[in-house]
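Dear colleague,

I am passing on the structure we spoke about, and below it you will find some notes on what turned up when I went through it. Please read them with the model open beside you.

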Amino acid sequence: MSELISDRIYNAQCLGNIEPVEYIVPYPNIFSLLEGENIKFGNNYLFLDQKITNNDFLILINKASNWLRENQLDTKSRVLVENIDFPIAEIIIFAIWASGSSVILCQDSINKNELAKVNPDMIINNANCPSLDSLNKYPSEFIPYFRPSLHHEALLFYKRNTFIQLSHYNLLVNTSGTCKHLDLKRGTRIKINIPSKSTAWIILQLLLPLYAGMAITNKDPDITIGLEDQYHTADYIIKMNWDKISNKKRIIYILEENTAVICIGDKPIHMTSIEVSKGNIYVKGHSIMMGYIDKKSNDSIFNKKSMIIKNNLV
């Protein structure tokens, strides 16, 4: 096929006559989402049970960014984060972005040969990540040497022996589409507690509360989002592995090649379209990944101006 893979990916990312560059998310990168929230709502709680406000979160991220710099993390680097605990996971991820670097998350175990393909400059896990108390010795101000743009890599996600590459735009537009679909209101209290090793965690637990102006809490929430069988009752169920799409309105379907959320019930999120035909899912829209790191894998799924995923691969 003569058409370049990069062109085929871009064609799949277009929706109708709207190209990704024409649909504006109100932030130049992910870190600016937090900065923007602090302009008017710095005193609002983000983590209600821990009494951490948006401004507290920003200060902790600045301290963690200084910790990363002390540990020789350069800009435009990659950092593998291995399922660390709440809320230090959220702080570390944002600190990596604030430092001008990108995150690697792994759903599956990964061997050294696979990891060498993406060459992380640092690995952070529960054994070596700083505690909240230990961050107190670091300055509360941080001046970055580099700030990424929307098209820069924000996240690599490892699944089924390949890495999915996602941009700052991918993460922001998927969060925006999810927020619009759920019709979330500022001040909503949300209960969500999923492991920090999936793109669903990035979108639903890390970015969505900030984007919608919500507070995370375990006490008297207005809305509960959980994994299958995580809670006795939940308003929305996250379905990570599936072979068909139900019209049940309370199921959030995850497809990492579409960043995270692809549809809620059988309704695609904003700026996304899906069509199921002959065992394949045809996806178009702005949340479609930058591509697999393994370029040969891209050749098999980008065709007919769509991203084509086989049902048995979901």
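**Charges over rings**

The charged end of Lys76 is placed over the ring of Phe146, at 4.7 Å from the ring's centre. A second case of this kind involves Arg186, whose charged end sits over the ring of Phe41, 3.6 Å from its centre. Please keep in mind throughout that this is a predicted model.

**Aromatic pairs**

Seven aromatic pairs were counted in the model. In one of them, the rings of Phe47 and Phe57 have their centres 5.4 Å apart and their planes at 75°, and because planes over 60 degrees apart count as edge-to-face, this pair is edge-to-face. The pair links distant parts of the chain, since Phe47 belongs to strand S1 (residues 45–47) and Phe57 to helix H3 (residues 54–70), ten residues apart. Both Phe47 and Phe57 are buried.

Phe57 also pairs with Phe94: the centres of these two rings are 5.6 Å apart and their planes stand at 75°, so this pair is edge-to-face. Here, too, distant parts of the chain are linked, with Phe57 in helix H3 and Phe94 in helix H4 (residues 88–98), 37 residues apart. Both Phe57 and Phe94 are buried. One aromatic cluster is formed by Phe47, Phe57, Phe86, Phe94 and Trp97.

**Backbone details**

Most residues other than glycine have a negative phi, and most peptide bonds are trans. A cis peptide bond, however, joins Phe86 and Pro87, with omega at about -5°, and Pro87 lies in the loop between strand S3 (78–81) and H4.

Asn119, which is not a glycine, has a positive phi of about 50°, and this residue is found in the loop between helix H5 (112–116) and strand S5 (122–124). Asn119 counts as exposed because its relative accessibility is 55%, and the cut-off for exposed is over 50%. Arg160 has a positive phi near 50° as well, and lies in the loop between strand S6 (153–159) and strand S7 (162–167). With a relative accessible area of 36%, Arg160 is partly exposed.

**The largest pocket**

The largest pocket has a volume of about 350 Å³. It is lined by 17 residues, of which Pro20, Val21, His151, Ser167 and Tyr169 are the closest to its centre. Helix H1 (5–13) and helix H6 (168–182) are the elements that give two or more residues to this lining, and the largest share, four residues, comes from H1. By class, the lining holds eleven nonpolar and six polar residues, and no charged ones.

With best wishes

Note on methods: Residues numbered from 1 in each chain as written. Predicted model: local features only at pLDDT ≥ 70, side-chain atom pairs only at ≥ 80, totals over all residues. Heavy atoms only, no water. 1 Å grid on protein atoms, 1.4 Å probe; cavity = no way out; pocket = protein on both sides within 12 Å on 5 of 7 lines; lining within 4 Å. Points joined across faces, edges and corners; volume = space filled by probe spheres on them. Nonpolar A, V, L, I, M, F, W, Y, C, P; charged D, E, K, R; others polar. Phe/Tyr/Trp six-rings, centres within 6.5 Å; stacked < 30°, edge-to-face > 60°. Buried < 20%, exposed > 50% of the residue type's maximum accessible area, 1.4 Å probe, protein only. Lys NZ or Arg CZ within 6 Å of the ring centre and 35° of its normal.
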